[in-house]
Amino acid sequence: MSNQYDQILSDVARKAMESLAFLIEMPDDEPCQQPSVSAMIRFTGPFNGVMFIKASPEILQVAAVNMLGMMDDEEISSQFCQDAFKELLNVICGNFLPEYAGNELVFDVAPAEMLDCADLPAEFESLELIANAKLTLDAGKVELVFFAASKELANAG
Amino acid sequence: MSLNVLVVDDSAVMRSMIIKTLDMTGMELGEIHEASDGQQGLDMLEEHWVDLVLADINMPGMNGQEMIEKIRENPHWEAVPIIVVSTEGSETRIEALRQLGAKFIHKPFNPSQIRKMIQDMTGVGYEQSI
């Protein structure tokens, strides 16, 4: 069951990274910094959950430069870099959610937020791990994890 | 005719991307206004004449759907063309937006989608291709 969603999450993330930020997937052995910058996005609705992203630091700058169509040597604020990173997470979560939950249910997706540490907050231990994906892109590595409360519980409620 | 546009999205990067996309369409643009949530969007509409609204759905404070409902309740704005640019995947919510007269573009989008939809909704841009 989980493998199916792993593949879907990987496909959704690859498409979003490529079409929104022009970040292209590379062979897994490509040398790059390990993921250490992280953010999460929560959703509420028929059931609740969260998507978590961890990425190499270079990805934030390259994504922002590409999304804004800037030249490589132009100055860009860390605020814009974080905003681009959070928007990527928003697009990935928004596109994965209907793949998992179907396209009839209505969810409210909260604004993405940066996390101080690269580890998953403990509050999500009660949620079920649904999917995870790892991508090596031309600007670094990305890991995504999607947690949700049980759909069966939501249906019973 | 030049278009005065209001872009409502809580992401400054996404607002910049949408504005850049509008520039790339080659359409004649007038004033471009930005807002980061639904209430700010309504405030902008109070202050400026706007020919087209591009709005996200999931935003802090007043979300895009609430903002569109309020726009349609106001006789001054009820006919303003609205394009929702969002990751929204729920057909239920998308249909509710269509019922409010809004068109929908899914993120990630490409510039030609936005250009075509603006042309269809406003007629602006067709004269350049004739």
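**Close-up views of a predicted two-chain model**

**Figure 1. Overview of chain A.** Chain A contains four helices and six strands, where helices (H or I, at least four residues) and strands (E, at least two) are DSSP runs numbered from the N terminus. The model is predicted: local features need pLDDT of at least 70, side-chain atom pairs count only at pLDDT 80 or more, and totals for chains, interfaces and linings use all residues. Residues are numbered from 1 along each chain as its sequence is written, and chains are lettered from A and ligands numbered from 1 in the order in which they are written. Read from the N terminus, the order of elements in chain A is α-β-β-α-α-β-β-β-β-α. Of the 157 residues in chain A, 39% are buried; a buried residue has 20 or more other C-beta atoms within 10 Å of its own, an exposed one 12 or fewer, a partly exposed one a count in between, with C-beta atoms placed from the backbone. Contacts are pairs of residues whose C-beta atoms, placed from the backbone, lie within 7 Å. Among contacts in chain A between residues at least 6 apart in sequence, 71% link residues at least 24 apart.

**Figure 2. The nonpolar core and Met51(A).** A nonpolar core is a set of buried Ala, Val, Leu, Ile, Met, Phe, Trp, Tyr and Cys residues joined through C-beta atoms within 7 Å. The largest one has 81 residues, and those with the most contacts inside it are Met51(A), Ala63(A), Ala84(A), Leu88(A), Leu89(A) and Ile92(A). H3(A) gives the largest share of this core, 12 residues. Leaving out residues up to four places away in sequence, Met51(A) touches Met40(A), Ile41(A), Leu89(A), Ile92(A), Cys93(A), Leu144(A) and Phe146(A).

**Figure 3. Surroundings of Ile59(A).** Ile59(A) is part of helix H2 of chain A. Ile59(A) is buried because 27 other C-beta atoms lie within 10 Å. Residues up to four places away in sequence aside, Ile59(A) touches Leu23(A), Leu137(A), Ala139(A), Gly140(A) and Val142(A). Between the C-alpha atoms of Ile59(A) and Ala84(A), 25 residues apart along the chain, the separation is 9.7 Å.

**Figure 4. The contact of chain A with chain B.** Chain A puts 26 residues into the contact and chain B 19 residues. On the side of chain A that touches chain B, at least two residues each come from helix H1 (2–21), helix H2 (57–68), helix H3 (78–101) and strand S3 (108–109) of chain A. H3(A) supplies the largest share of that side, 11 residues. By class, that side has 15 nonpolar, six polar and five charged residues; Ala, Val, Leu, Ile, Met, Phe, Trp, Tyr, Cys and Pro count as nonpolar, Asp, Glu, Lys and Arg as charged, and the others, Gly among them, as polar.

**Figure 5. Packing of H2(A) on H1(B).** H2(A) packs with helix H1 (residues 12–24) of chain B at an angle of about 30°, the axes being 9 Å apart. Axes are lines fitted to C-alpha atoms, for helices over the stretch in contact, and angles run from 0 to 180 degrees between N-to-C directions. H2(A) and H1(B) are therefore roughly parallel to each other (angles under 35 degrees; over 145 is roughly antiparallel, 65 to 115 roughly perpendicular and the rest oblique). Ala64(A), Met67(A) and Leu68(A) in H2(A) meet Val13(B), Ser16(B) and Met17(B) in H1(B). The residues of this contact are five nonpolar, one polar and no charged.

Methods:
Two residues are in contact if their C-beta atoms, placed from the backbone, lie within 7 Å.
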